[in-house]
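Here is a walk through one protein model, written for someone who likes to keep the 3D view open while reading. Turn the structure as you go and follow the residues by number.

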Amino acid sequence: MSVRCGIGYDLHRLETGRKLIVGGIELPFDKGPVGHSDGDVLTHALCDALLGAAGLGDIGTHFPDTDPKWKGANSLVFLEHARKLLAEKNFAIEYVDAVVITEKPKLGPHFPKMREALARALGVPAEKIHLKAKTNEGVDAIGRGEAIAAYVVATIGAR
Ligand SMILES: [Zn+2]
């Protein structure tokens with residue numbers, strides 16, 4: 001089996017009064033991401049990591065933010081689509097490792113639910129999805145609570 005890795009990164013500004021959705025789960029918080037879709041940084045970075053590993057471009061190629069169809073879209077739909085594209089090319093998702101960076105709220109307690117939601121969208125066991133949380137130590141836009149970001153590395157195998 002040939003193994004390939006892809007990296008994904010995403011950042012969204014946080015504004016008061018928007019829903020905070022991370023990893024397909026809505027978290028109780030007074031701020032949320034500004035974005036065309038639901039602004040789910042983890043799901044977007046994961047999508048890019050998978051598409052990158054498969055040599056299939058990026059999320060903007062497949063879901064342009066100029067398309068009204070994706071306004072307010074649940075980003076898990078993007079993942080399900082990426083999963084289909086990978087399957088068509090006979091790629092299997094082997095492992096996903098992610099870091100989500102935000103000053104607040106605490107993400108760790110929500111990881112089990114996020115892993116479940118992401119695993120369901122990708123059709124893999126939750127054990128194949130690993131999530132980590134970091135703060136930015138109060139430094140720069142993320143540290144000031146103005147943004148949330150995520151990095152994801154996805155490993156896929158050609159059957
Ligand atoms: Zn995004």
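Ser-75 sits in the loop between helix H2 (59–62) and helix H3 (76–88). Please keep in mind that this is a predicted model. Ser-75 counts as buried, because its relative accessibility is 0% and the cut-off for buried is under 20%. Its side chain makes a polar contact of 2.8 Å with the side chain of His-44. Setting aside neighbours within four places in sequence, Ser-75 is in contact with Ser-37, Asp-38, Asp-40, Thr-43 and His-44.

One of those partners, Ser-37, is worth a look of its own. Ser-37 belongs to the loop between strand S4 (31–33) and H1. With a relative accessible area of 10%, Ser-37 is buried. A polar contact of 3.2 Å connects the side chains of Ser-37 and His-44. If residues up to four places away in sequence are not counted, Ser-37 touches His-44, Trp-70, Gly-72, Ala-73, Ser-75 and Phe-78. His-44 therefore has a side-chain polar contact with Ser-37 and another with Ser-75, by the rule that the N or O atoms lie within 3.5 Å.

**The zinc ion**

Which protein residues donate to the zinc ion? They are Asp-10 through OD, His-12 through NE2 and His-44 through ND1, lying 2.0 Å from the ion. Along the sequence, these donors follow the spacing D-x1-H-x31-H. Asp-10 is in strand S1 (residues 2–16) and His-44 is in helix H1 (residues 41–54), so this pair ties together parts that are 34 residues apart in sequence. Are Asp-10 and His-44 buried or exposed? Both Asp-10 and His-44 are buried.

**Out to the surface**

Strand S1 also holds Tyr-9. Tyr-9 counts as partly exposed, at 42% relative accessibility. Together with Leu-11 and Tyr-151, Tyr-9 forms a nonpolar patch on the surface, and the three have about 290 Å² of accessible area together.

**Salt bridges**

How many salt bridges does the model have? The count comes to four, and the table lists some of them.

| Salt bridge | Closest N to O distance |
|---|---|
| Arg-13 with Glu-15 | 3.1 Å |
| Asp-97 with Lys-132 | 2.7 Å |

Take the pair of Asp-97 and Lys-132, joined by a salt bridge. This pair links distant parts of the chain, with Asp-97 in strand S5 (residues 91–101) and Lys-132 in strand S6 (residues 129–134), 35 residues apart. Asp-97 is partly exposed, with a relative accessible area of 27%, and Lys-132 is partly exposed at 30%.

Arg-120 and Glu-116 are both found in helix H4 (residues 111–122), where they are four residues apart, about one turn of the helix. Arg-120 counts as exposed because its relative accessibility is 60% and the cut-off for exposed is over 50%. Glu-116, at 47%, counts as partly exposed.

In the pair of Arg-13 and Glu-15, the salt bridge has its closest N and O atoms 3.1 Å apart. Arg-13 is partly exposed, with a relative accessible area of 48%, and Glu-15 is partly exposed as well, at 36% relative accessibility.

Technical notes. Residues are numbered from 1 along each chain as its sequence is written. This is a predicted model: local features need pLDDT of at least 70, side-chain atom pairs count only at pLDDT 80 or more; totals for chains, interfaces and linings use all residues. Side-chain values use heavy atoms; hydrogens and water are left out. Donors are N, O and S atoms within 2.8 Å of the metal (3.2 Å for Na, K and Ca); water is not among the atoms, so sites may look incomplete. Helices (H or I, at least four residues) and strands (E, at least two) are DSSP runs, numbered from the N terminus. Buried means under 20% relative accessible area, exposed over 50%, partly exposed in between (1.4 Å probe, protein chains only). A polar contact is a pair of N or O atoms within 3.5 Å; within protein, one must be able to donate a hydrogen and the other to accept it, and residues adjacent in sequence count only if both atoms are side-chain atoms. Contact means heavy atoms within 4.5 Å. Patches are made of residues with over 30% relative accessible area and no salt bridge: like charges are joined within 9 Å, nonpolar side chains (Val, Leu, Ile, Met, Phe, Trp, Tyr) within 5 Å. Accessible areas come from the Shrake-Rupley method with a 1.4 Å probe; for residues, only the protein chains shown count as cover. A salt bridge is a side-chain nitrogen of Lys or Arg within 4 Å of a carboxyl oxygen of Asp or Glu.
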